[in-house]
Amino acid sequence: MPTKEDIVEFLVREYPQNRCLIDAVGNGAATVIHRVDSDHLRPGGTVSGPLLMTVADIAIYVAILGTIGIVPLAVTTSLTINFLRKPVADKAIVGNCKLIKVGRSLIVGEVTLHSVGNDAMVAHAVGTYSVPHDTPIP
């Protein structure tokens, strides 16, 4: 299976607009971090929903890549997110993903999101990815 460095290299090459940093990957899980600055705040001084959704989606993708290998065409088919409380506006967002089902064509992951330095969950997401039919699933 690919290492954290392999996945970082792949994302830099194939998905250069990604701004999430990979903290950890392995064992059907991944942790990613996204810095927050004034561009990511919405009125009211809270972190925007689209940023939180991005962190959740990337966390699932990274967990999948770490589990089944570098599969560029694994794509999101569903992402549901519940916003639970206001994130800290000047702290990075952490997304912790655990894959809960790895099937032959669909993979489901769960992500908890929180602000750095505060373990209170700010959002919870569940996402499903479709993988190409010819992908060998370990």
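Q: Which residues does V32 touch, not counting residues up to four places away in sequence?
A: This is a predicted model, in which local features need pLDDT of at least 70, side-chain atom pairs count only at pLDDT 80 or more, and totals for chains, interfaces and linings use all residues. Residues are numbered from 1 along each chain as its sequence is written, and side-chain values use heavy atoms, without hydrogens and water. Contact means heavy atoms within 4.5 Å. With that sequence exclusion, V32 touches C20, L21, I22, D23, V55, I58, A59, V62, I93, V94 and G95.

Q: How many residues does the largest nonpolar core have?
A: A nonpolar core joins buried Ala, Val, Leu, Ile, Met, Phe, Trp, Tyr and Cys residues through side-chain atoms within 4.5 Å. V32, V62, I93, V111 and L113 have the most contacts inside the largest such core. Its residue count is 36.

Q: Which element gives the most residues to this core?
A: Helices (H or I, at least four residues) and strands (E, at least two) are DSSP runs numbered from the N terminus. Two or more core residues come from each of α1 (4-14), β2 (29-34), α2 (49-68), β6 (93-102), β7 (106-115) and β8 (121-130). With 13 residues, the element that gives the most is α2.

Q: Is I33 buried, exposed or partly exposed?
A: I33 lies in strand β2. Buried means under 20% relative accessible area and exposed over 50%, with partly exposed in between (1.4 Å probe, protein chains only). Because its relative accessibility is 24%, I33 counts as partly exposed.

Q: What separates the C-alpha atoms of I33 and V116?
A: I33 and V116 are 83 residues apart along the chain. Their C-alpha atoms are separated by 8.6 Å.
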